[in-house]
Structure formats: C-alpha cells, structure tokens
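Open the model in your viewer and keep the selection panel at hand. The stops below follow one another as a series of selections.

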Amino acid sequence: MKYMFVIFLLYITLQYIFGSTDFKGYFKCTQSDQSTSPEEDGYTNDLDTATELVTSTPSCPTNMVYSLCACQHTCDEPETCIWTCCREMNACICPHSLFLNSNECVTKRECGCFLSSQDIIIPVNKTHATPTCDSVCHCKNGKLLSCDVIYCDAYSQCVQRSAFVDNNGKEIFEGKCVRIQDCQSILDAELWFGEDSYKVYPYGLPDVALEVYCKITSPNGTVSTMIQRKLAASPTFHLGWLLFKDGFGSPTDEFWIGNDNLHYLTAQSHYRLRINMETDVGKLYYATYDNFVVDDELNGYEVTLGNFNGTVDCNAMDTHNHQKFSTLDRDNDNHVHQNCAMKNRAGWWYDACDKANLNGEVIEWSCFPKDESIALSEMFIDRDSPSI
Ligand SMILES: [Ca+2]
C-alpha cells in the first residue's frame, strides 16, 4: 500500500510539472465513475494505471467508447454535433455510427423519431415532409407522431428542398408546398421557363386560377407580376367600373389586371409597385413604391403607396396616395365640379385630378423631361420577401 502511495505521489508531481491533456480531460470531461476499464483510443497504459489510483476507473456507459472527444450526434439533434466534453480531450462518446439517446448509444433505428420510410431521424420537435410532399411527419418530445397525408393543396406545387445533412454527410431532402400566389412563386416552385403567362392562385381569390404575365424587371433577376401595360395616345382605358374591377386587355399589348385581383394580390404579402416608363426613343425610367396596397371594392380600391424611389425626377404619385379609384361611371375623386376619369379619359386613382396618370390617354408623369414623352408604361408588383 505504501508503495502504491509513492507511485501516486510521483504521478501527481509529474503531472504538475509537465501537464497532461489526458489527465485534465479525465477529470473535467468523463461522465462516469464506474469501475470497469476505459477503452483505449489514445488512452495510454501508464495513465490508465495512474488514474486507477486517483479515483475509481473512468468507464463509459454501454456502447460508449473512451476516446478523443469529437462531434457527437444525438437522437434529438441527428444532423448537428454537441460536445459531450472539453474540446479535443478524451471522454465517453458514442462510436460514429451510433447516436446518443439520454445516456445510451443507440442505432439510428432505435431513436424515437426514426422514420423508416425515409431512413432518417427527424430532429426533436420538428417536422419532415417526404420529398414528394405525400405526407408530413412530426417528432414531438422524442416520439414520432403519426404522419399526415395529403400535404399540398391544389394551388401549391411540391418543391424539393435540402433539409439537412445527416451524420454520414448525406444530404437529406424534403418536400415543401409552395403556394403559387404570384410570379415570385413561379420561380420559387421551379416552374419558371421564361417570361410568359402563368396561372397563380392568390389567397382569398375565389377558387379560380388567375393568369398573370411574369417578367424579369431588374438586372438581379427579380421576377415581377405585371398589373398594367399601356401604350401612348390610346383611349383603351376609358372604360367603366366593372371592366376595371375584372380586368381587360392582353399583357403583350395593353392590359389592366383588374382591381379585385390587385386587391387580393397585394393583400397577401408586402409588395413593391414598380413602374417602368419607356420614351419614344427607347429611353427607360422607373419608379418604385414600397408597401403598395389596393383596398377592396367596398373601399373604392383605395391605393396605399409607401416610400418612393426611382430614376424619374420626382414622386409624381404623392398626391394619389390614399385616393380611391374613379372611372367614367364612378366619380370617387376630390374634384368638386367634374369627374377626373371623364376629363382624362381613363380610370385611375385621381386626386383632383392628377400629377401622374399611367392609364391616361396621354401617359403622364409630372416632372418627366419636357423634351421626352412616355411611349409605354408598364406596372408590376414585386413581393418584398419571398415566402420561402
Ligand atoms: Ca369629382
């Protein structure tokens, strides 16, 4: 016994002088004080002998190995790592193929949220949809809840997304139903095949598809939903309330998307209004307004315009902000003596009457360069933040 004590003192002294990562690691990082021998992996026989003298032998729970601490996957967080001990020190950890579950190492199949049909573990309190959106399964408090079938509705498209990378570095995909609510969704749902007409399903709109024209409107690839197109010196927009309510024309010629459609589109998210103006010599100007909203018919399709930006010299729409829509047969403007829609031969959000009128028989923007005239107006909406 005395001999053992001398060895112990000698060992402590040497550790004090030279230091030892393994030694410190043992005290700070092991999880068990049971008496069976630790497994090797860098744990030397000398240290083994010495630590037996310090206290009970470091040992590991079933299936664990005493090894250099590295990335530890758990059943709850199968795709990420936790540190079970001090960084780069020895500790009881699960072998690479196993997952920590409470204090045990278990196989993938033994984790509570193992989804056999997909051969994956769903992280705790998360859901995982099949890549084809056939079902979505829930992991609640470490237990797999029943899976719900029929995941996408008729107005959504199943899109495969990268969900996470498993502990073997394999990328796991899941399906996500993308509601086709505007042209941005066409891009998100990977349905985009170039500038063209597409069917979209804005929230709130009765169960019919709305056909919209989608166009790239900026160098960074913004895909915008066209709401208006008007050529100069054309009386096309001198029409009544019902036609403006439902929309008319063709997006490759002259076009109004319809005030009801405009209301449902702009009510479903934050949208930016983008106005592109082209002069008769092909010069391009634009104006944008954040937070573009068109109210419902009961409120006269009142327009709300946020912050202005653009390459035109002034915010010519400022007096039109918070104005109701007027047409030849519905005078909602602020002019006491006349109907501005009749005077300007176009339906529009008149004040009394206009500084900007993109629907006008003569397309107007009050501060447009005097020696230039607008030959073409196109209006679009861009969703500020994509839904996915
Ligand atoms: Ca009036």
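Start with the buried residues of helix H6: Asn 259, Asp 260, Asn 261, Leu 262, His 263, Tyr 264, Leu 265 and Thr 266. The model is a predicted one. Helix H6 spans residues 259-267, and eight of its nine residues are buried, so the helix counts as mostly covered.

Next, show what lies over helix H6. The cover of its buried residues includes strand E14 (210-216), strand E15 (223-231), helix H5 (241-246), strand E18 (271-279), strand E20 (293-294) and strand E25 (374-383).

From that set, select strand E15. Eight of the nine residues of E15 are buried, and this strand too is mostly covered. Which strands does E15 join through bridges? Take the partners one at a time.

- E14: this strand runs antiparallel to E15, and three bridges join the two. Pick Ile 216 and look across to Val 223, its bridge partner in E15. The two strands form a hairpin with six residues between them. In the turn, select Gly 221, which has a positive phi of about 90 degrees.
- E25: six bridges join this strand to E15, and the pair is antiparallel. Select Met 226 and find Phe 380 of E25 opposite.
- E17 (residues 255-256): two bridges link this strand with E15, again antiparallel. Select Arg 229; Phe 255 in E17 stands opposite.

Select Val 212, Cys 214, Ile 227, Leu 273 and Ile 381, the residues with the most contacts inside the largest nonpolar core, which has 54 residues. Center on Leu 273. Leaving aside residues up to four places away in sequence, Leu 273 touches Thr 288, Tyr 289, Phe 292, Leu 305, Met 379 and Ile 381.

The last stop is Pro 61, in the loop between helix H3 (45-54) and strand E1 (65-68).

How values were computed: Residues numbered from 1 in each chain as written. Predicted model: local features only at pLDDT ≥ 70, side-chain atom pairs only at ≥ 80, totals over all residues. Buried ≥ 20, exposed ≤ 12 C-beta atoms within 10 Å, placed from the backbone. Helix = DSSP H or I, 4+ residues; strand = E, 2+ residues; numbered from the N terminus. Contact = placed C-beta atoms within 7 Å. Core = buried A, V, L, I, M, F, W, Y, C linked by C-beta atoms within 7 Å. Pairing = 2+ DSSP bridges.
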